[in-house]
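Colleague: Please put the model on screen. I would like to go through its strands, voids and helices in turn.

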Amino acid sequence: MLPMAAAEASETPLVYHKIDNMPLLGTLAPDASVPYTRLPDSLKNVVRKPVWELGGNSAGLAIRFRSNTGNISARWKSASTGYMTHMSATGSRGLDLYVLGDDSVWTTLGAARPDKRDVHSTCDIMRNMEPRMREYMLYLSLYNGVDSIEMGIDSAAVLLPPAVDLPRRGKPVVMYGSSILQGGCATRPGMAHTNILMRELQHEVINLGFSGNGLLDPEIARLMAQADASLFVVDAMPNCSPQQVEQRMDTFIDILREKHPSTPILLIENPLYPQIRFNVQVRNMILDKNKCLRKIYERRHTTDDKLYYFRGENVLAGNNEATVDNIHFTDTGFATYASNLKPIIELLIK
C-alpha cells in the first residue's frame, strides 16, 4: 500500500485542457480537416488507399506546451483499438511526454499507456512534482491515429504555448520510408529514431514512414518537395524490390530536385538485418537492391554534389540484438540508428 500522503496526492483532482491550439511539430498538413495527420486533404483521392490510411497514423507528431503544474495526466481518443503482436501498445497507441531540462536537453517524463479495450484512454504521467514552469513535448502514437487529446493539470496551474523554440521549427528534416521509419517497433513513441533525432538535433523532423508502403510513390515526393526542407532523407529500401528501385528512384529524386536543386538528399540503403547471417534468399535480395541504389547514386553523384549516401551496414552497425523479429527495430536498434545518423544529418543541415 502507498503511504497515506502519497495516496492522497495521487487522488488530487486534475482539470483537463484541450491542446489542439498548441504548436504541432512533424506534419506537412497543418491545415488538414483532422487535427493530427501527416497528409493534406488534397491527397485523399490521389495517393494509394493504404498510404492515405497510414497518413492518419500520428507517427512523428509532437505537441509543444508549457505548464507550472505539479501533477500531469493525459486523456485521449485513439482512432481504433488495433494492436500488433510484436509491438507494445504504448508505442502503437500511447503517448510519450518529454520535459526540457535547465541544460536544454529533452528527457523522458513518462509514457501514457492506452486502454486495452476502449478508444478512450486516461493515464497519469507524473505526480508530486515541484510545481514550477516547465517546457513539455508530447509525442503522439506511432501506429494509430489520435482524434483528440487533453492534458490534465492542477486546478491552480496554467497550460500555455511554449516560450522556447526547441526543437527549432522551420526548414525541417523530411524523412521518407517504411515501417521502420514509421516507428516499428519502438516501445514508446519517443524512441522512434526520427523522434530521437528531433530531440538530439533540436530540429524539427517530419516522419513520412508508411508501413509496408514506402514504395517511392511520386505523390509523396511531390508533397515532400512542397516543404522548405534543410534535408530530404529517402529510406524506403526495406519495402522496395530491386526492380522498383531501378524503375522509381530516379523519378522520386527528380521530383525533389526540380524544386530543390541544392538541398541535400540522403539516400539510405536497406539495413543488413540480423537474419541475413542465415537466410540466403533475404541476404541476396537485400544485397541486390542495395547494389541497384548504389549504381543510381554513383551515376547521379557525378553531376549532383548534394546527393549523399548511407550504407546499410552502418544502420545497426552489426548489432544483432537490435530487432524484434529480425527486421523491425527494438529501442536499442532505434538508438543505434539515431546515433549513427546524427553526425551525418548534423553536418548536412548546417
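Modeller: Two terms come up at once: buried means under 20% relative accessible area, exposed over 50%, and partly exposed in between, with a 1.4 Å probe and protein chains only. Helices (H or I, at least four residues) and strands (E, at least two) are DSSP runs, numbered from the N terminus. This is a predicted model, where local features need pLDDT of at least 70, side-chain atom pairs count only at pLDDT 80 or more, and totals for chains, interfaces and linings use all residues. Residues are numbered from 1 along each chain as its sequence is written, and side-chain values use heavy atoms, with hydrogens and water left out.

Colleague: In which sense does strand 13 pair with strand 14, and over how many bridges?

Modeller: Two strands pair if DSSP finds at least two bridges between them. Phe 232 has Ile 265 of strand 14 as its bridge partner. Strand 14 covers residues 265–268, and its pairing with strand 13 is parallel, over three bridges.

Colleague: Which residue of strand 13 stands opposite Met 175?

Modeller: Strand 11 and strand 13 (residues 231–235) are paired in the parallel sense over five bridges. Within that pairing, Val 173 is opposite Leu 231. Met 175 faces Val 233.

Colleague: What is the volume of the largest cavity?

Modeller: On a 1 Å grid over the protein atoms alone, a cavity is a set of points where a 1.4 Å probe fits but cannot get out; a pocket is an open set with protein on both sides within 12 Å along at least five of seven lines, and lining residues have an atom within 4 Å of a point. Grid points are joined across faces, edges and corners, and a volume is the space filled by probe spheres set on the points. The whole structure has one cavity of 30 Å³ or more. The volume of the largest cavity is about 50 Å³.

Colleague: How many charged residues are in its lining?

Modeller: The lining includes Asp 235, Glu 269 and Tyr 337. Ala, Val, Leu, Ile, Met, Phe, Trp, Tyr, Cys and Pro count as nonpolar, Asp, Glu, Lys and Arg as charged, and the others, Gly among them, as polar. The lining has eight nonpolar and one polar residue, and the charged ones number two.

Colleague: Where does helix 10 bend?

Modeller: The bend at a residue is the angle between axes fitted to the seven residues ending there and the seven starting there. Among the buried residues of helix 10 are Tyr 337 and Leu 341. Pro 343 follows the bend within four residues; the bend is about 35 degrees, at Lys 342.

Colleague: On which residue is the kink in helix 7 centred?

Modeller: Helix 7 covers residues 242–259, and its buried residues include Met 249 and Phe 252. The kink is about 40 degrees, centred on Arg 248.

Key. Expected span 1.5 Å × (residues − 1).
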